[in-house]
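Let's take a look at one residue and the sheet around it. Have the structure open while you read.

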Amino acid sequence: MRLYRRHDRPLRHGRASPPDRPVDSRLRDPNQMNDDIFARVRGLVLTALREIVPDLPEDAMAKVEVTPTRDPAHGDMATNAALVVAKPARQPPARIAAALVERLAALPGITSAEAAGPGFVNLRLDPDVLRAVLPVVLRRGIGFGDSRTGGGAPVNVEYVSANPTGPMHIGHCRGAVVGDALANLLAKAGFAVSKEYYINDAGAQVTALAWAAYWRYLQAIGTDLSEEEFSDEVPGGLQYRGEYLIPVGQTLAASFGGSLAAPGGRIAAPDVWIDTVRDATIEEMMLQVREDLRLLGVDQDVFSSERALVASGVVDDVIDRLAVDGLIYEGVLEPPKGKTPDDWEPREQTLFRATQFGDDVDRPLRKSDGSNTYFANDIAYHADKITRGFPTLIDVWGADHGGYVSRMKAAVKAVSGGAATLDVVLCQIVHIVRGGQPVRMSKRAGTYVTLRELIEEVGADAVRFTMLTRKSDAQMEFDLDAVLAQTRDNPVFYVQYAHARCRSVLRAATEMLGEAALAEAVLAEVALDSLAADAELALIRRLATWPRTVEAAALAREPHRIAFFLYDLAGDFHMLWNRGRDDSTLRFLQPDRPAETLARLALVAATAVVIRSGLAVMGVTPVEEMR
RNA sequence: GCGCCCUUAGCUCAGUUGGAUAGAGCAACAGCCUUCUAAGCUGUAGGUCGGUGGUUCGAAUCCACCAGGGCGCGCCA
């Protein structure tokens, strides 16, 4: 048996609280602009701590946490304060804990404090303090949980950034949703967020795209070439054979007639057509990409073009700057150990000293034909973002780019002199399944799932919610049938159902009490003393953790936590609802007891508000009723 | 061969950045619809947190090594 299991033997009890005692204004004042009662209690703990141990170092104070208890038997909140300051204070945790207990238990709003385990202090709050969360929620509405953690600091979130070479498919989907939700989350946490899309419209792939569109153009004007004859003339062969380029070819034919082709619908010299075709095709593809994103509810603020970046000379400027700093050299890389490519031969290249900034090897900036590598352009792009005023960059990438993270971080350090940081959120593969069976993704077999088809089949809300039900760096199965199932194990349904039930109760109450009595501002004023059942207080405690959930998720860059919070919140609400099944006095609407009914309606309305607040971060539309 | 990510209940996954007795859903087992809120509900059982060491008052969490899975590995983006 471990010694610290003796938390059932409190060292000291707080005195009982007289029912008419006013609650400490520091614990309930909504004008404090801090919706987080945990943060407010933490403030009380820190104040008490300073009295007990003067001159504690800031870094020790920073480690003090006030958290919800895992076990209700431990009270409402717990703090590790005594444990984390024991060493700098040169006092045993138990002694500090005892002193904290004495001071905290004396505060109004705290009904008991007791030391437990190795030095935790468990706090029990006056139920009025908990209940006071409800009017705060009702007055602040969806804005409940907004925080000032970010302090208005600019953050640039870049996501999707797919090549404009075809329709968006489900591989792009997860990054789109994760990036968008992360941006919303950071905005809610008080950052000034810019949502950005980097158009990879330079390089060999868009040249291949231009050739593919040119083929559709030749077809539109009536070429006598076969597809294979044409393909033989294309450097690298014809790619992007999907039908989606047919309209592009037709539009080109309508605009330019036969002027982009040689007589007989034959291939003209690339100089004649390639710029025109490429520009028109990219423009059309980006229109489609933006339409796909719009259908998914994603709307980025800035679209940056790689080609425009190169044309502006920024890339050369940035490389020059790195050269001046001595971070570029001509050198020869070692072959990868163990697995040397067959055609390996030592080659002198222009290299960036990534190893000076934590990367494993130095990275090439120029291809053998003298043009820049993608990495070189990407360095310039990130430098450009920094120049535009973003010291904090977040990129959302597919996991297949994982090997690219350390070099990009190194580059950001180098170009900013260490002033800017880059966080990369990697998204693992999504496997689409239907009823447990894998849906193969293959362009050739015609079972290629486009983003648009996915949205048409299950709806944007289900797509978005489901994409956020896993940590982004964990692989995910997306079951087309399961996301539409109306059962508890489908979080989309379970959360939406909770909101619909809240709204349903409020609609029924309207008939009983009239619409005016149910306005959120009015419910914010009702007496709440009757809310005392375990399930009611548990729900209130959950609502109270929303602000700290937002803050923690934002700092961790983990939007999936919002989905899990909502699932738990929905569980608490359904639990309460179900209590009314066995015991009708626990139902929300009690016609002969209007005061209790109003208090319960305030709880229901507040629950609906917080669900909406969470869904707003996820970009999911709350439903009013289940049909 | 090297680097990064991952490994938690039979299954799918959380785990509040190092806290107390590791949680939820599904599946399993036992109950619960004449009626009110059953597109279900209540309860039970289920664990060597991949393994071994280490740091710490305290480890699923941090470090080292090992095993298994995924991704990547000099001019593709």
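Thr392 touches Pro154, Val155, Asn156, Thr421 and Arg557, leaving aside residues up to four places away in sequence; a contact here means heavy atoms within 4.5 Å. This is a predicted model, where local features need pLDDT of at least 70, side-chain atom pairs count only at pLDDT 80 or more, and totals for chains, interfaces and linings use all residues. Residues are numbered from 1 along each chain as its sequence is written, chains are lettered from A and ligands numbered from 1 in the order in which they are written, and side-chain values use heavy atoms, with hydrogens and water left out.

Is Thr392 buried or exposed? Thr392 is buried, at a relative accessible area of 19% (buried means under 20%, exposed over 50%, partly exposed in between, with a 1.4 Å probe and protein chains only).

Thr392 sits in strand β11. Strands (E, at least two residues) and helices (H or I, at least four) are DSSP runs, numbered from the N terminus. β11 belongs to an open sheet of five strands, ordered β7-β6-β5-β11-β12 with parallel pairing; two strands pair if DSSP finds at least two bridges between them. β7 and β12 are at the edges with a single partner strand each, so one side of each lacks a neighbour in the sheet.

β5 and β11 pair in the parallel sense over four bridges, and Asn156 has Leu393 in β11 as its bridge partner.

Here are the strands with their residues:

| Strand | Residues |
|---|---|
| β5 | 154-158 |
| β6 | 192-199 |
| β7 | 302-305 |
| β11 | 392-398 |
| β12 | 421-427 |

Conventions:
Axes fitted to C-alpha atoms, helices over the stretch in contact; angles between N-to-C directions.
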